[in-house]
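Please look through the following notes with the model open beside you.

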Amino acid sequence: MKNERDSDSYRGALRTLGQSLTTLKRVRQAPSYARIRSRGVELLGDEWAISKPSMSEIFAGRRGPSSLDRLLWLVRALLSYQEGEEITPPGRQDPRLKPWREAWGSLEALRAARRGSAALMEDGDAQALASALETALLSALKLVVPPSSTSAETPASPISSAPSVEGLLPQSRDYRRSRTVAQLRALAEKGMASETLLTVLRSRAVLLARLNDGRGTLHRTVAFHPQGIAIATACSSIFSGGVSWLWDPITCQSLGEISGHEVGVSTVAFSPNGLRLATIENWGQVRLWDAMTLQCTGEADQGHHGNGIAAVYSPDSSLLVTAGIDGLMLFRNPVTGDVVGSQVNFLDGGYSAVTSMAFSPDGRLLATANAWSAYNRPGDVAVRLWRVTGRDPVTCELACDPLPGDEKGVNCVAFSRDGSLLASGHADGSVQLWRVEGLDPVICERANTPQASPNSAVRAVTFSQDGSLFASSRSNGLVMLWRVKGPDPAAWEPACEALLVPDDSADSLAFSPDATLLATGGKDLFLWMLPTSL
């Protein structure tokens, strides 16, 4: 097992080296591999020259140079270009080459451990070497990349500039290594030594990035793609122009915007199979997108009166449910948006605004959070569980009596991974947990003793995909994380120090699929790396 982990670390280091060389080639606007080789031989000689096939393998991260001299030959050849123009290459003692030498040292240590010719003392040493390699490569790129290449300018939207967009979301990158890349970024931003950084990362979360589109937009709703390749944010603001944004969780850069709505977007949701993305605007219009090409597959103007503020896909991705301030839940075809069923949240003739929805993992129960609105009768706020059957048409009926809320309303709901617990976040500041048993009838009982906090409403609750973590956020920007240890909340314990999101901005939460990152949405998108001990 240890040799396998060392081998994985080495392969990951090769990919990182290949990505760094690719970045260097791109920003220096170097030409083809054949031309790079030809120019390198012309200026630097052929003793350490790299063949075109080998160069292709190195840039792809499938192999490394056979020696330090060959790596330096390649880097010097790339540095003989500046914005596509040929310039004098650096000498062998140029300070810009020092980080590449340091990266080579880490790569060689990982190669030796993989071959068994050297033993790493602890499992964490391989990760430390990988982090040291990436630190060196980041330093190397900072020395040679022009400042204009690293500016934070918002890229032009690929949606608006081309009628057909293919592969906007990367499909082949190794996002499983997000933790290591995140460590590198935190190291660069915090200016810490590798040993200090690793110690800190084992105990508390680190803010990696604060992202926005430069328009004063509110990124109130966030959603991770199920494969972790992108984060979507709903832009709810008069300045947003009816767009949503996609972000790369590894580079913390924008992947572009999704346009088409007339007003601000209130909600975004990815389907569990990763193939679909739904966006709902403030006036209730629904647009459905192919999540990989971002081509619109369907839109629906009909349905909601007033704001559409919640959306969720069924676990098998065969249904999309949208809901809004009018209390109406609409069950839709996930590709076209056509309505295949509906249900109204009602009590004694009044209507309850639906603020959040969550499917149980088996897809048979749908939980809704209800809050006060102009459509409500006084006191008509609760958590409701619905039994969902069929697909076209869909039938929906109450599965049990409404679970009591509070006079201010319920803001959010989330099921645990095994479906045995339902969490609800309330406007009075309490988080309530309910044990859910059976299907017909469904039996719910309170699993904790909620404590109200009148000055900080709970805005979001969520479980990680693996079920090991639970998080809640409040209107004062406080985010709490717990380790989930069994069905009894009394056994749970804090996972790390509480996070305080700047500007009291924590309206939504989303874990990355591997539970190494946490995204919080509000005035801006904040991306946090969670402790390595979790």
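1. Leaving out residues up to four places away in sequence, Ala515 touches Ser464, Asp466, Leu469 and Leu530, where a contact means heavy atoms within 4.5 Å. With a relative accessibility of 8%, Ala515 counts as buried; buried means under 20% relative accessible area, exposed means over 50%, and partly exposed is in between, using a 1.4 Å probe and protein chains only. The C-alpha atoms of Ala515 and Phe463 are 9.6 Å apart, although 52 residues separate the two in sequence.

2. Before going further, please keep in mind that this is a predicted model, in which local features need a pLDDT of at least 70 and side-chain atom pairs count only at pLDDT 80 or more, while totals for chains, interfaces and linings use all residues. Residues are numbered from 1 along each chain as its sequence is written, and side-chain values use heavy atoms, with hydrogens and water left out.

3. The pLDDT, which is the predictor's confidence in each residue from 0 to 100, averages 78 over the chain, and 75% of the residues score at least 70. Over residues 147–168 the pLDDT is below 50, and this stretch has 28 contacts in the model beyond near neighbours in sequence. Residues 170–179 also have a pLDDT below 50, with 32 contacts in the model beyond near neighbours in sequence.

4. For the chain as a whole, there are nine helices and 34 strands, and 55% of the 534 residues count as buried. Among the contacts with a separation of 6 or more, 54% come from residues 24 or more positions apart.

5. Which residues have the most contacts inside the largest nonpolar core? They are Leu21, Leu74, Val75, Leu78, Trp100 and Leu107, in a core of 33 residues, where a nonpolar core is a set of buried Ala, Val, Leu, Ile, Met, Phe, Trp, Tyr and Cys residues joined through side-chain atoms within 4.5 Å. Helix H1 (2–27), H3, helix H4 (68–78), helix H5 (98–115) and helix H6 (123–144) each supply at least two residues of this core, and H4 gives the most, with seven. A second, separate core of 18 residues includes Leu481, Phe511, Leu518 and the Ala515 of the opening point.

6. Helix H4 is mostly covered, with eight of its 11 residues buried, and these include Leu74, Val75 and Arg76. Leaving aside neighbours within four places in sequence, Val75 is in contact with Leu21, Leu24, Leu97 and Trp100.

7. In helix H3 (residues 52–59), the buried residues are Ser54, Met55, Ile58 and Phe59. These four lie on the same side of H3 because they cover an arc of only 130 degrees around the axis, the arc being that of the directions from the helix axis to the C-beta atoms. Just after H3, Gly61 takes a positive phi of about 80 degrees.

8. Finally, Val383 is found in strand E20 (residues 382–389) and is buried, with a relative accessible area of 0%. Not counting residues up to four places away in sequence, Val383 touches Thr368, Pro402, Leu403, Val410, Val413, Leu422 and Ser424. One of these, Val413, is 30 residues from Val383 along the chain, and their C-alpha atoms are separated by 8.1 Å.
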